[in-house]
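Dear colleague,

I am passing on the structure below, and would be grateful if you could look through it alongside the notes that follow.

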Amino acid sequence: MVNLHNTGMYLVNGTELAENVPGVTPAEAAKGTMAYRILTAHNISGDDKALKIKFDKLTSHDITFVGIIQTARASGLEKFPIPYVLTNCHNSLCAVGGTINEDDHVFGLSAAKKYGGIYVPPMQAVIHQYAREMLAEGGAMILGSDSHTRYGALGTMAVGEGGPELVKQLLGRTYDIAYPGVVAVYLTGEPIKGVGPQDVALAIIGAVFKNGFVKNKVMEFVGPGVKNLSADFRIGVDVMTTETTCLSSIWQTDDRIREFYAIHGREEAYRELKPAAAAYYDGVISIDLSTIRPMIAMPYHPSCTYTIDEVNANTADILHEAEERARTAFGDKVRVDLQSKIRDGRLMVDQGIIAGCAGGGFENICDAADILTGRYIGSDAFTLNVYPASMPVYLELTKNGALSRLIEAGAVVKPAFCGPCFGAGDTPANNAFSIRHSTRNFPNREGSKVQNGQISSVALMDARSIAATAANGGRLTAATEYDGTLTHPAYFFDSRIYANRVYNGFGQARPEEALVYGPNIKDWPAMEALTDNLLLKVVSEIHDPVTTTDELIPSGETSSYRSNPLALAEFALSRRDPAYVGRAKAVKAAEEARLAGETGADALKGFDESFAAAKTVCPTADMTNTGIGSTIFAVKPGDGSAREQAASCQKVLGGWANIAHEYATKRYRSNLINWGMLPFLIPEGDLPFANGDCLFLPGIRRAVKEKQAVIEAYVIRGGAARPFTLTLGDLTDDERQIILDGCLINYYRQNR
């Protein structure tokens, strides 16, 4: 279904792949990609290898915008310089913590008024659907504080990053990256009936995630097969490119995309994009769309992919593999029994969800309604919930009868909300198995709590196969078994919904307006600059192949506390290492005593031996020039969400570093840096320390400032200091200064 070409390759006239093009060098042809043209058009560095990007627009939702605005405000924000959309699609239920979620929404509206922003009220649209309908433009760039910020199908290069990167844009600074690799996704053929965008997306993710084929690169969708996909289909594939760990995506555009813009009353935003006559790519993903079959990503990652036919043919073996993954992740904390889901040789699922930026599109829901017309989900355990991605989509589905048919079939239709995707809605029962057309199926992301003995499992599927499964009362079924007609009704967009409800204050900042704070909205605590030396205590050690941001800071109900840095930090690593917070707090108490000059404090006594050992290698080290902080080790941390809180919670608890063999995504590493944390690397297979050890880093401030390639470090154990080395990887001058200053807020205060 999917073939990978590791070597560079040319695309000729947008249709044919070639290893060579006479008279055209790879360097020349690399400038023929769409990605090159868009990136360089937004680069102000004058160097197309070291980019300084200024974006056209920004987007955030109600998990992230309070922290972003608080950080920008503390750094000197006066007004939003470019359109900045604040959507309310994550903490929309207002079901946890009393008033705190709605307090965040009120804060967001007051910020839009004060600084000149755009505010989308709760339940109106999920963040990415609003961006598609109202913000995307051909050739533009959008930066969002949600990892699934992807609008490449519409000709917009979009990037999902942590909040501090948006702060930089709000303060007139730039997004600094080395020019990324560009990989062609070369499409031929046409999908067969029953195959949807999630099937294509999962086939790609399964082929490229584990080998890092597109990590931190741009995926450029080209080839003769693109024209055979509707705009909605392309959007559904595009949004899932985040799960490949790529940096961004871009697609060639055509009349189908022009029609999309025209339907939404914005035809002037359309721009034809296509590669030059000869374009060179660093690699190629080649896909014959006609060979794709209905797919399923089994628990607990979008890359655990099979065809549904494979699962039905080898149900017991594949479920056993999923159970083993759970045992590896959770040990004896919970028991996953997926074998109990087998009835008469077939997998019976408990719940179906079609929702959010991936599943809630118009065509997905229309096709699901067609498949379920005249059918019923039954009165047993299986349930089906459907969330249209925006109120305009919801209205049109109401008008054309699709929602009526879904409701008649036994589905429950709900408003635009991202909750099922990150554990804030429709959490399944313990040991239940849920199939979802959403973006992720990480462990516990659906809302279960291992610390309470709970576990449920999510598999990702396309809306069409979810509907086919629902029509069979929950028996896993591929949509290719449906022999009826998919009607593909036309879409009509009603702009009055947004015109009547969305506050658009861009260009009309009202500085006299006051920000409206609820009692849970707190300022960031003060953070210290990097000291001459560091004494780090290892407070968590994680050896999973990949650690997701959901494990570093859980999603779901904990997100309600994301406007309160101290309260949220209490949940850090709670599902992965419940003892982490207590250990980190003990280290922080020692640092607070050091800063206060309380050399005899009980909190410092546990570090006496470490300071004595440190002096043997650095006689000048003492409590005036040696900071005390915590660090964690993880093999490959940071897969998944862009949420900056995965790093900021560690910092609030006194964290000064992460140590890893590799960082799963650029955005997580950037989050560490922007919160003043050192993103250390150590070679694979080399781990000279263990949880509970102290690490001494003499001259760390000088090493960062002077760009030393290798960082001298010592493991302190049994009163002795044993040397080892760390590296920091590439850092820009600004990133180094942010670390030296202690965090982005300090950096901007000192450079205002």
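Which strands and which helix each supply at least two residues of the lining of the second largest pocket? They are strand 4, strand 10 (175–178) and helix 25 (666–674), where helices (H or I, at least four residues) and strands (E, at least two) are DSSP runs, numbered from the N terminus.

Please keep in mind that this is a predicted model, in which local features need pLDDT of at least 70 and side-chain atom pairs count only at pLDDT 80 or more, while totals for chains, interfaces and linings use all residues. Residues are numbered from 1 along each chain as its sequence is written, and side-chain values use heavy atoms, with hydrogens and water left out.

His-42 lies in the loop between helix 2 (34–41) and strand 4 (50–53), and because its relative accessibility is 10% the residue counts as buried (under 20% relative accessible area, with exposed over 50% and partly exposed in between; 1.4 Å probe, protein chains only). The side chain of His-42 reaches the backbone oxygen of Ile-38 at 2.8 Å. Beyond its neighbours within four places in sequence, His-42 is in contact (heavy atoms within 4.5 Å) with residues including Lys-52, Asp-56 and Met-141.

Lys-705, by contrast, is exposed, with a relative accessible area of 61%, and has its place in helix 26 (residues 700–705). Although 659 residues separate Lys-705 from Gly-46 in sequence, the two are 25 Å apart in space, C-alpha to C-alpha.

How values were computed:
Polar contact = N/O pair within 3.5 Å; in protein donor to acceptor, adjacent residues only side chain to side chain.
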